[in-house]
Amino acid sequence: MSDCIFCKIIAGEIPAKKIYEDDEMLAFHDVRPQAPVHFLVIPKKHIKSIMDIESDDTALAGRLLSKAQELAKEQGCGEKGARFVINAKDHGGQTVDHLHIHVLGGRFLNWPPG
Ligand code: 5GP
Ligand code: ZN
């Protein structure tokens, strides 16, 4: 989508610190990290939110989750763990309307969120 920040990152129109890329997904460091490790895993297909995943997307969604886990380990979170977050729409606090998995780690994270 032409006005989507993450589609622009995928297209190379906005720079990002990429940590992984293949034909269907991209992972990059969050520009405003909330923890020592904070990166996002996104599909290259513009899916607005987890609320908009359709049956054709379920295999892709599984691969995104699997890659998030693999990269979390690569980023040093394998032993102590991490938090995997998908914000959705207004009440979920989603600010970028392109599906993304946050991976946060490197420190203890409180629960529940505010
Ligand atoms: P949300 O609030 O939608 O779950 O998360 C959006 C995330 O995208 C935020 O953590 C925000 O810091 C990050 N973000 C927004 N714009 C950019 C950008 O241009 N580059 C990068 N790397 N991250 C961004
Ligand atoms: Zn997009």
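In which loop is Asp56 found? Asp56 is placed in the loop between strand E3 (37-43) and helix H2 (58-77), where helices (H or I, at least four residues) and strands (E, at least two) are DSSP runs numbered from the N terminus. The structure is a predicted model, in which local features need pLDDT of at least 70, side-chain atom pairs count only at pLDDT 80 or more, and totals for chains, interfaces and linings use all residues. Residues are numbered from 1 along each chain as its sequence is written, chains are lettered from A and ligands numbered from 1 in the order in which they are written, and side-chain values use heavy atoms, with hydrogens and water left out.

Asp56 counts as exposed because its relative accessibility is 72% (buried, under 20% relative accessible area; exposed, over 50%; partly exposed, in between; 1.4 Å probe, protein chains only). Together with Asp52, Glu54, Asp90 and Asp97, Asp56 forms a patch of negative charge on the surface; such patches comprise residues with over 30% relative accessible area and no salt bridge, like charges being joined within 9 Å and nonpolar side chains (Val, Leu, Ile, Met, Phe, Trp, Tyr) within 5 Å.

Strands E1 (residues 18-21) and E2 (residues 25-29) pair in the antiparallel sense over three bridges, pairing being assigned if DSSP finds at least two bridges between two strands. The two strands form a hairpin with three residues between them, and Lys18 has Phe28 in E2 as its bridge partner.

Five salt bridges are found in the whole structure, each defined as a side-chain nitrogen of Lys or Arg within 4 Å of a carboxyl oxygen of Asp or Glu. In one of them, the side chains of Lys44 and Glu21 meet with an N to O distance of 2.8 Å. This pair links distant parts of the chain, with Lys44 in the loop between E3 and H2 and Glu21 in strand E1, 23 residues apart. Lys18, Glu21 and Lys44 are linked in a network of salt bridges. Glu24 bridges to Arg63, the closest N and O atoms being 2.5 Å apart. Glu24 lies in the loop between E1 and E2 and Arg63 in helix H2, so this pair ties together parts that are 39 residues apart in sequence. Asp57 forms a salt bridge with Lys45 at 2.6 Å between the closest N and O atoms. Asp57 is buried, with a relative accessible area of 4%, whereas Lys45 is partly exposed at 43% relative accessibility.

As to backbone geometry, a cis peptide bond joins Trp111 and Pro112, with omega about 5°.

Conventions
Accessible areas come from the Shrake-Rupley method with a 1.4 Å probe; for residues, only the protein chains shown count as cover. Lys and Arg count as positive and Asp and Glu as negative; His and the chain ends are not counted. The place of a charge is taken as NZ of Lys, CZ of Arg, CG of Asp or CD of Glu.
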